[in-house]
Structure formats: C-alpha cells, structure tokens
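This briefing goes through one structure by topic. Please have the sequence and the 3D view open while reading.

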Amino acid sequence: MMRRTLENRNAQTKQLQTAVSNVEKHFGELCQIFAAYVRKTARLRDKADLLVNEINAYAATETPHLKLGLMNFADEFAKLQDYRQAEVERLEAKVVEPLKTYGTIVKMKRAETELQRAAMDASRTSRHLEETINNFERQKMKDIKTIFSEFITIEMLFHGKALEVYTAAYQNIQNIDEDEDLEVFRNSLYAPDYSSRLDIVRANSKSPLQRSLSAKCVSGTGQVSTCRLRKDQQAEDDEDEELDVTEEENFLK
C-alpha cells in the first residue's frame with residue numbers, strides 16, 4: 001500500500017513538473033514574441049509620424065485643392081497614430097506583463113513541489129500534489145483565455161478605429177478637384193514665379209470694382225516706394241561724396 005502511494009506521488013510530481021516546464025518554455029516564448037510585436041507596432045507608429053511630417057511639407061508646395069486634400073489626409077493619419085499609441089500601451093499592460101508574471105509563478109510551483117516531495121506523509125502529499133496540479137491547470141487555462149481575449153479585443157478596437165480613419169482619409173483624397181488645380185497650374189505657367197499662383201486665384205475671384213481699386217492701390221504704393229528709394233539713394237550718394245572729401249583732406253594733411 002505504501003509503495004503504491006509512493007508511486008502515485010512520484011507520478012503526480014513528475015506530471016506537475018512536466019506541466020510547469022511546458023508553461024515555462026512556451027509562455028516564455030510567447031512573452032518574447034508578443035513583446036517584439038509591441039515594439040514593431042511602436043516603430044510603425046514612429047515611421048507613420050515621419051510620413052505625416054513629410055506629407056505636410058510636400059502639401060505646402062502644391063496647388064490649393066491638392067494641398068488641402070493632402071493636409072486633411074495627414075491629419076487623419078496622425079489621428080490614427082494616437083490610436084496606435086493606445087494599442088501599444090494596452091498590449092504592454094494586458095498581454096506582455098501578465099505573461100511575464102508566469103516566470104514567478106513557475107518558480108513558486110517548483111518550490112511547492114519540492115516541499116511536498118520532502119514531506120514524510122506520502123498519502124497526504126499525494127492529495128496535495130493532485131490539488132496543486134488541478135489548481136495550476138485551472139489557473140493556466142483561465143489566464144490564457146484572459147490574455148488572448150485581451151489581445152483580440154485591443155486589436156479589434158484599433159482596427160475598428162483604423163477603418164473609420166482610413167475611410168475619412170480616402171474621402172479627403174477623392175475630394176481633390178483635379179480640374180481646378182490644373183487650371184491654377186496652367187495659369188502659373190505665365191506667371192513670373194511660383195508664388196504668384198495664389199495671387200492669380202485671388203485676382204480671378206475679385207469683382208471688377210475690387211480689381212480696379214486693388215490696381216490703384218498697387219500703383220500708388222509703387223510710386224511711393226520708388227520715390228523713397230530715389231531719395232534714399234540720393235542721400236547715400238551725398239554721404240559718399242562727403243566721406244570722399246573728408247578722406248582726401250585727411251590724406252593731404
């Protein structure tokens with residue numbers, strides 16, 4: 001009877017050790033891979049931020065409708081990165097950290113097993129080992145369900161938001177008026193420089209009276225500026241002549 005009890009205890013101990021080693025191996029691998037997944041997601045967020053900056057920089061050089069469409073797209077894409085940041089933080093807290101804790105759980109179960117094997121009462125130890133195995137398996141399955149459910153929920157939330165953002169971003173790109181921008185571009189071909197594009201658009205949108213008033217204002221301003229430039233130039237010439245005379249006198253002395 002005692003021999004059978006010892007055999008049962010040894011078999012249970014071996015079963016518990018196998019279960020603990022299996023969890024230690026695979027949960028460790030899962031933890032490392034999930035952590036790498038989170039790091040990759042964070043790097044993707046960083047690259048997306050760079051992309052947003054470059055889109056905005058390029059948009060600033062383009063025609064009005066294309067500029068607006070690209071800037072609106074960049075705004076939506078930047079919003080998506082805020083959701084991605086939330087995804088990273090949730091995955092770290094709800095998936096990676098719980099898997100890390102299993103390192104501590106495994107050590108505790110191993111220590112508990114060794115203590116029970118050292119116990120003198122073989123029949124009592126056998127009951128405790130059976131209870132330990134059942135509790136360990138129950139908790140392991142519960143934790144697996146929780147961790148993977150959290151992972152799925154976090155990813156579903158992000159991709160649901162991503163679908164909304166990408167839908168809006170797609171519409172912003174589709175709303176770009178190619179014909180209007182092409183007309184602006186054609187007009188710019190006859191302008192002295194690129195910066196005159198907006199001036200052409202504004203001029204085309206003004207009433208005849210506004211254009212007449214603007215022309216007068218520009219003409220008046222131009223005359224004042226020319227007059228001032230001439231006066232300034234005359235004053236500079238006078239000063240140069242005085243300096244030349246003074247230098248000549250000093251040299252003769």
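This is a predicted model: local features need pLDDT of at least 70, side-chain atom pairs count only at pLDDT 80 or more; totals for chains, interfaces and linings use all residues.

Leaving aside its neighbours within four places in sequence, which residues is E76 in contact with? They are V165, A168, A169 and N172.

**Helix α2**

- Helix α2 covers residues 64-100, which makes 37 residues.
- At 1.5 Å a residue, α2 should span 54 Å, and the distance of 52 Å between its end C-alpha atoms agrees with that.
- A bend of about 35° occurs in α2 at E92.

- E76 is part of helix α2.
- With a relative accessible area of 15%, E76 is buried, because the cut-off for buried is under 20%.
- E76 forms a salt bridge with K79, and the closest N and O atoms are 3.5 Å apart.
- K79 and E76 are 3 residues apart in helix α2, so about one helical turn separates them.
- The two partners fall into separate accessibility classes: K79 counts as partly exposed at 35% relative accessibility, whereas E76 counts as buried at 15%.

**Other salt bridges**

- The structure holds 4 salt bridges, including the one between K79 and E76.
- R45 and D46 form another, in which the closest N and O atoms are 3.0 Å apart.
- R45 is buried at a relative accessible area of 16%, while D46, at 38% relative accessibility, is partly exposed.
- In helix α4 (residues 122-174), K140 and E137 lie 3 residues apart, about one turn of the helix.
- The side chains of K140 and E137 meet in a salt bridge with an N to O distance of 3.0 Å.
- Here the lysine, K140, is buried with a relative accessible area of 16%, and the glutamate, E137, counts as partly exposed at 24% relative accessibility.

**Aromatic pairs**

- The count of aromatic pairs comes to 6.
- One of them joins Y37 and F151: the ring centres are 5.7 Å apart and the planes stand at 65°, so the pair is edge-to-face, a class that requires planes over 60 degrees apart.
- Y37 belongs to helix α1 (residues 2-59) and F151 to helix α4, so this pair ties together parts that are 114 residues apart in sequence.
- Y37 counts as partly exposed at 34% relative accessibility, and F151 is buried with a relative accessible area of 18%.
- F73 and F77 form a stacked aromatic pair, with 5.8 Å from centre to centre and 10° between the planes.
- Both F73 and F77 lie in helix α2, where they are 4 residues apart, about one turn of the helix.
- F73 is buried with a relative accessible area of 19%, and F77 also counts as buried, at 11% relative accessibility.
- Y37 and F151 belong to one aromatic cluster together with F34 and F148.

**Points to check in the view**

- Where does α2 bend? The bend is at E92 and amounts to about 35°.
- Is E76 buried or exposed? E76 counts as buried, at 15% relative accessibility.
- Which helices does the pair of Y37 and F151 tie together? The helices are α1, which holds Y37, and α4, which holds F151.

Terms used. Residues are numbered from 1 along each chain as its sequence is written. Side-chain values use heavy atoms; hydrogens and water are left out. Helices (H or I, at least four residues) and strands (E, at least two) are DSSP runs, numbered from the N terminus. The expected span of a helix is 1.5 Å times one less than its number of residues. The bend at a residue is the angle between axes fitted to the seven residues ending there and the seven starting there. Buried means under 20% relative accessible area, exposed over 50%, partly exposed in between (1.4 Å probe, protein chains only). Contact means heavy atoms within 4.5 Å. Rings of Phe, Tyr and Trp (its six-membered ring) pair if their centres lie within 6.5 Å; planes under 30 degrees apart count as stacked, over 60 as edge-to-face and the rest as tilted.
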